[in-house]
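Please keep the sequence and the structure open while reading.

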Amino acid sequence: MPVSGVLISCAEGAAPDVSRKIADIGGVEVHGVIQDNRIVAVVEGETVDDEVARVTELQHLEGVLSVSLAYHNFEDDEP
Amino acid sequence: MTISRRDFLKASAAAAAFAAAGAPLLNPLASGEAEAAEAGIKWGKAPCRFCGTGCGVLVGVKNNRIVATKGDPSAPVNRGLNCIKGYFLSKILYGRDRLTKPLIRKGDRMVEASWDEAMSLIAGKFRESIDKNGPDSVAIYGSGQWTVFEGYAASKLFKGGIGTNNVEPNARLCMASAVTGFMTTFASDEPMGCYDDLDLGDTYFLWGANMAECHPVLFSRLIDNRLRNPNVKIIDFGTRRTRTSQMADQYVRFNPQTDLALLNGIAHVILRDRLYDETFIKRHVVFKRGKENIGYGLEDKFKFADEPKLINFDEYREFLKTYTPEYVSRLSGVPAKTIVELAHLYADRKRKVNSLWTMGFNQHTRGTWVNNLVYNVHLLTGKICRPGENPMSLTGQPSACGTAREVGTFTHRLPADMVVMNPEHRAKAEKIWGIAPGKIPAKPTYNATEMFRALDRGDIKVVWIQVTNPFQSLPNLNRYRKGARKGDGRFVIVSDIYPTRSTELADVILPSAGWVEKEGVYGNAERRTQQWFKLVDPPGEARNDLWQTMELARRLGHGSLFPYKYVEKEIWEEYRKFNEGQGKDLAPYEAYAKARGLRWPVINGKETLWRYAEGHDPYVKKGEGVSFYKNKADHYRAVIWARPYEPPAESPDRQYPFWLCTGRVLEHWHTGTMTGRVPELKRAYPSAVCEMHPEDARKLGIKHLQKVKISSRRGSIILPVDLNGRGKAEKGNIFVAFFDEGKLINDLCIDAYCPISGEPDYKKCAVKIEKA
């Protein structure tokens with residue numbers, strides 16, 4: 001199962017709210033809300049395609065400005 | 001996988017994100033834990049395979065396969081973060097339909113062949129065509145996805161071996177106007193500034209550039225800058241509301257093509273209100289005016305040569321008289337008051353001002369002019385060549401700068417800004433290449449559009465396409481797709497990693513190695529040259545394009561052009577001779593193996609952040625402040641050009657009442673041949689849609705997601721209308737992305753181009769819309 005670490009930039013003041021909404025998306029865990037309206041989260045999926053679906057969902061959340069990818073491990077993804 | 005290892009991997013993922021965010025103290029891992037979880041993974045560095053930003057990626061390899069990627073924390077461009085396209089790096093090499101064997105056309109079928117068979121056939125076709133029709137009947141067409149080595153080998157073989165200037169890149173469709181803009185204003189290609197300006201400035205004018213979607217990592221740097229400094233202002237000039245517009249402080253909508261008038265209007269106000277920097281102008285600037293009513297390149301074999309004349313400041317002022325805020329407002333739709341305010345903002349001495357642009361300016365029938373005009377504003381105000389204030393042209397392909405522009409894989413260019421028209425330049429190239437004097441032809445042949453027109457007419461018989469997809473990306477596509485299959489001796493070779501809309505028209509398809517399956521060097525938009533080593537083997541019999549080109553050379557009797565053992569390193573050291581002492585100096589190959597890229601000129605191992613600026617660029621002498629030292633003809637000054645507003649090649653009328661603009665979206669890159677291989681991505685943005693203004697839709701009785709037929713004078717297409725997408729078309733405009741290989745929107749685009757740069761305009765043509 002692939003795993004990725006992402007950094008989510010939110011609009012001014014929106015991070016706590018976004019962080020709560022993220023909890024409702026399966027496969028995404030919030031690991032920390034940090035300075036400058038940013039959230040560190042870990043995304044998991046059965047496949048890379050699942051992960052991308054979840055990140056796409058994150059991008060469409062109200063208050064999310066951008067989602068950046070810091071780390072991606074997909075060594076168990078089926079060839 | 002054990003639970004604990006998975007937890008460590010998750011912690012590693014979080015730790016990388018914390019570190020990239022500058023909060024490493026929150027790293028939950030004890031020392032050694034991440035290494036344990038990642039046991040067996042070997043990491044290597046590479047620039048990202050996608051756009052021209054040039055983000056650093058750490059690529060994790062296990063058992064000859066890529067199993068992980070990280071934003072490279074040591075990479076100054078992206079500091080540990082990649083955009084969403086980073087997810088596709090896991091997939092681009094591993095799509096199920098990867099090409100792994102050479103294929104030769106037998107009637108309607110493509111049949112597997114050996115390399116020897118395929119290369120013999122190709123070499124035979126080249127030889128036959130050269131013997132019968134001369135060297136100008138064969139051509140090579142590459143792109144800014146070529147590594148430096150691949151582009152260099154192609155140029156050397158064709159210009160220096162075969163003896164034809166039939167070498168062109170996809171960059172002609174993408175960056176050519178930026179090149180001619182730089183060359184005509186500064187006599188040297190590529191920007192004076194660098195990405196550091198995104199952190200150091202406080203005022204950013206974006207011109208027709210959807211940075212939030214197309215250069216997300218750079219846009220994040222802008223947004224981070226604004227978070228730190230509430231004074232930062234982002235002004236988005238556009239013809240379409242985008243994600244960038246939503247995040248900008250001000251969105252300025254203008255009518256297509258009137259960027260020419262707006263920039264002249266801004267210059268008019270700067271002069272009228274005496275906002276210019278008189279000292280800078282006196283020391284560093286000359287004024288020129290060239291030919292006007294210069295045409296649109298719509299006829300085959302169109303030719304144009306500018307005739308620049310020096311003018312003085314008063315004549316320039318006189319030229320600008322027409323461009324009053326009121327006149328420009330009538331043309332552009334931007335309120336006169338806004339034009340005055342923005343001119344004052346551009347000239348505000350307390351502000352550090354930058355301009356950023358990409359295809360909105362470059363894909364423009366007056367692309368060279370509009371590049372000139374944005375430099376005018378910076379030169380008038382002296383806001384140039386200083387940390388934090390510069391004009392900056394962004395790029396779309398990973399080595400549009402490094403390969404297409406710097407190696408010079410255009411018909412008229414040679415490495416290091418040299419051109420085939422100049423006898424001294426040819427002589428220098430012939431000497432470095434060790435070929436007979438007079439071998440390189442003195443006349444440029446065809447720009448990209450003209451090259452495919454020549455194939456259609458039959459003047460070019462054999463064309464080899466590498467690392468790009470012209471039979472999806474050319475404008476007025478239908479003509480060129482038909483032309484490729486007209487027979488009568490025409491022979492098309494396509495090297496790629498996947499089947500594309502171009503391979504389907506090929507007579508031979510060659511399976512290529514991609515990205516880290518080969519060693520490479522790319523150069524990004526800020527003059528940063530980045531090297532990587534081969535990290536995994538290509539699949540099946542796939543081989544890199546460099547080998548393919550050298551193999552053709554060998555079979556044509558030009559093998560002596562490539563006498564290398566360590567091919568990449570030796571090509572680099574040879575190529576470097578072109579750049580030495582030219583303000584474009586490059587470091588020895590080993591330096592790039594270590595560094596996360598270096599920005600040229602690199603002198604004594606030190607890179608240059610700001611060109612032409614004393615204290616930053618070693619070519620500028622003490623006391624000069626700023627020196628445009630490449631422009632010897634104009635006494636080391638830059639040129640302010642009097643360039644008028646002229647209308648586009650085609651504007652909406654009663655029959656075709658809408659503007660069509662094409663472009664990219666976040667999820668896909670170029671023609672989608674790599675990103676389209678991620679199934680979920682295809683679901684996220686599965687196929688092209690027609691963005692339309694709700695009011696226009698209402699008038700036509702069209703509902704959201706209803707199918708419409710869009711037609712231009714050249715072709716038509718059926719697409720669903722999107723009234724609710726993340727891009728919002730302005731009234732009278734529609735937007736369609738060009739990645740979708742199932743919907744060739746370029747059939748509709750006009751093949752009009754800038755007469756100076758030869759770059760087509762994909763942003764403006766007239767269409768009509770009917771219910772399908």
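## Conventions and basis

Helices (H or I, at least four residues) and strands (E, at least two) are DSSP runs, numbered from the N terminus. The model is predicted, so local features need pLDDT of at least 70 and side-chain atom pairs count only at pLDDT 80 or more, while totals for chains, interfaces and linings use all residues. Residues are numbered from 1 along each chain as its sequence is written, chains are lettered from A and ligands numbered from 1 in the order in which they are written, and side-chain values use heavy atoms, with hydrogens and water left out.

## The interface of chain A and chain B

Contact (heavy atoms within 4.5 Å) between the two chains takes 43 residues from chain A and 48 residues from chain B. Together the chains bury about 3,800 Å², 59% of it on carbon and sulfur atoms, where buried area is the accessible area (1.4 Å probe) that two parts lose on being put together, summed over both. In chain A, the residues that lose the most area to chain B are A:Leu69, A:Tyr71 and A:Glu75, together 18% of what that side buries.

The rule for salt bridges (a side-chain nitrogen of Lys or Arg within 4 Å of a carboxyl oxygen of Asp or Glu) finds 5 across this interface. B:Arg6 and A:Glu44 form a salt bridge through their side chains, at 2.7 Å from N to O. On the side of chain A that touches chain B, at least two residues each are supplied by strand E1 (3–10), strand E2 (28–34), strand E3 (38–44), helix H2 (48–60) and strand E4 (64–73).

## A:Arg38 in strand E3

A:Arg38 belongs to strand E3 of chain A and, at 9% relative accessibility, counts as buried; buried means under 20% relative accessible area, exposed over 50%, and partly exposed in between (1.4 Å probe, protein chains only). Not counting residues up to four places away in sequence, A:Arg38 touches A:Leu7, A:Ile8, A:Ser9, A:Ala15, A:Gly32, A:Val33 and, in chain B, B:Ala21. Its side chain reaches the backbone oxygen of A:Gln35 at 3.3 Å.

## Salt bridges within chain B

Side chains of opposite charge can pair when their charged atoms come close. Over all chains, a search of the whole structure finds 63 salt bridges. The side chains of B:Arg528 and B:Glu526 meet in one at 2.8 Å, N to O, with B:Arg528 buried at a relative accessible area of 2% and B:Glu526 buried at 1%.

Helix H22 (residues 545–555) of chain B holds both B:Glu551 and B:Arg555, which are 4 residues apart, about one turn of the helix, and their side chains form a salt bridge at 2.7 Å, N to O. In helix H23 (residues 567–579) of chain B, B:Glu573 and B:Arg576 are 3 residues apart and so separated by about one helical turn; their salt bridge spans 2.8 Å, N to O. B:Glu573 is partly exposed, with a relative accessible area of 22%, whereas B:Arg576 counts as buried at 14%.

B:Asp496 is placed in strand E17 (residues 491–496) of chain B. Beyond residues up to four places away in sequence, B:Asp496 touches B:Leu99, B:Thr468, B:Thr503, B:Leu510, B:Pro511 and B:Ser512.

Methods: A polar contact is a pair of N or O atoms within 3.5 Å; within protein, one must be able to donate a hydrogen and the other to accept it, and residues adjacent in sequence count only if both atoms are side-chain atoms.
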